[in-house]
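Here is a short briefing to read alongside the model. Keep the viewer open and follow the points one topic at a time.

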Amino acid sequence: LEAEWEDEEEIIEIWNGSEVNKPKQSAEDPNIYEIVYPSELAWLAAAVNGTLPETKAAPAPDTYAGKTFKLINNIDLDNHEWTPIGNKTNVFQGTFDGNDKTVKNLLITGNNNYVGLFGFTTNGEIKNLTVENAKVSGRNSVGVVVGSPYTSKFTNITVKGHVEVNGKFYVGGVGGRNAYADWTNVKVEADETSYVNANSVEDGIAYRTYVGGVVGFNGEGGHSFKNITSNINW
């Protein structure tokens, strides 16, 4: 489906919440996959997580190390339930180039660990991406863009619009837990009703939580954080 942004002339592709299709590889470089439609973004999640339908000859889970996924159009997930790209067992190790495009209306509910547009990433990089309007809920390692960024670089990332993030442990406006690589030019520009909330009380017992407007827990080491801002007071 196609529709126009209310405030832009660019075309945005709208997801129906169920369609999954494999993206085409670039004619110039087969290591680059071009994501034109939201069903192709959903395919990336299923391919990494190992949940592609058997009717589509599903391969084994793939980390896509050394591969790049490039966003060609703006994408509206239309508040359909989203399954994060990668998890602690099946991580995403490739590069995701948002190509200065926007993913809009991200919704994740429930009480799962490692939730966000991406669940768990290592190596590679997430870059040049805007996420606009997001409601993300989980338990441990919760963020709009990534639950656990771990050793992936994050560069030129913006979270904007209305943002609601709810979790118990390691909760952030962009990333949740364990940022062990360089982050550069990462910002949260949310509306005044947005929030990041961490409630670490379980069965009447309060645990340490870790929460931040950008990231819940940075991680130790020699990595750098440059030009990082957030207007959310958690």
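**Confidence and overall picture**

This is a predicted model, and its chain averages a pLDDT of 92, with 93% of the residues scoring at least 70; pLDDT is the predictor's confidence in each residue, from 0 to 100. Over residues 1-8 the pLDDT is below 50, although this stretch has 21 contacts in the model beyond near neighbours in sequence (a contact means heavy atoms within 4.5 Å). Where pLDDT is low, the predicted coordinates should not be read in detail.

A word on the ground rules: residues are numbered from 1 along each chain as its sequence is written, and side-chain values use heavy atoms, leaving out hydrogens and water. In this predicted model, local features need pLDDT of at least 70 and side-chain atom pairs count only at pLDDT 80 or more, while totals for chains, interfaces and linings use all residues.

**Size and make-up**

- The chain holds one helix and 21 strands, where helices (H or I, at least four residues) and strands (E, at least two) are DSSP runs, numbered from the N terminus.
- For 234 residues, a compact globule would have a radius of gyration near 17 Å, and the chain agrees with its 17 Å (taken over C-alpha atoms; the globule rule is 2.2 Å times the number of residues to the power 0.38).
- Along its principal axes, the C-alpha trace spans about 50 × 40 × 35 Å.
- Of the 234 residues, 50% count as buried; buried means under 20% relative accessible area, exposed over 50%, and partly exposed in between (1.4 Å probe, protein chains only).
- The accessible surface comes to about 10,700 Å², and 42% of it belongs to carbon and sulfur atoms (Shrake-Rupley method with a 1.4 Å probe; for residues, only the protein chains shown count as cover).
- Among contacts between residues at least 6 apart in sequence, 80% join residues at least 24 apart.

**Strand S7 and its partners**

- Twelve of the 14 residues of strand S7 (residues 95-108) are buried, so S7 is largely enclosed by the rest of the structure.
- Strand S5 (residues 68-71) runs parallel to S7 and is joined to it by three bridges; two strands pair if DSSP finds at least two bridges between them. Phe-69 has Phe-96 in S7 as its bridge partner.
- Strand S6 (residues 74-76) also runs parallel to S7, with two bridges, and Asp-76 has Lys-104 in S7 as its bridge partner.
- S7 and S9 run parallel and are joined by ten bridges, with Val-103 opposite Val-131 in S9.

**A three-strand sheet**

- An open sheet of three strands has the order S10-S13-S19, with parallel pairing. Its edge strands are S10 and S19 (211-212), each pairing on one side only.
- Two bridges join strand S13 (residues 169-172) to S19, and Gly-172 has Gly-212 in S19 as its bridge partner.

**Salt bridges**

- Searching the whole structure finds two salt bridges, each defined as a side-chain nitrogen of Lys or Arg within 4 Å of a carboxyl oxygen of Asp or Glu.
- One joins Arg-139 and Glu-202, with the closest N and O atoms 3.0 Å apart. This pair links distant parts of the chain, 63 residues apart: Arg-139 is in the loop between strand S9 (125-137) and strand S10 (140-143), and Glu-202 is in strand S17 (residues 201-202). Arg-139 is partly exposed, at 24% relative accessible area.
- Another joins Glu-189 and Lys-187, with the closest N and O atoms 3.6 Å apart. Glu-189 counts as partly exposed at 41% relative accessibility, and Lys-187 counts as partly exposed at 33%.
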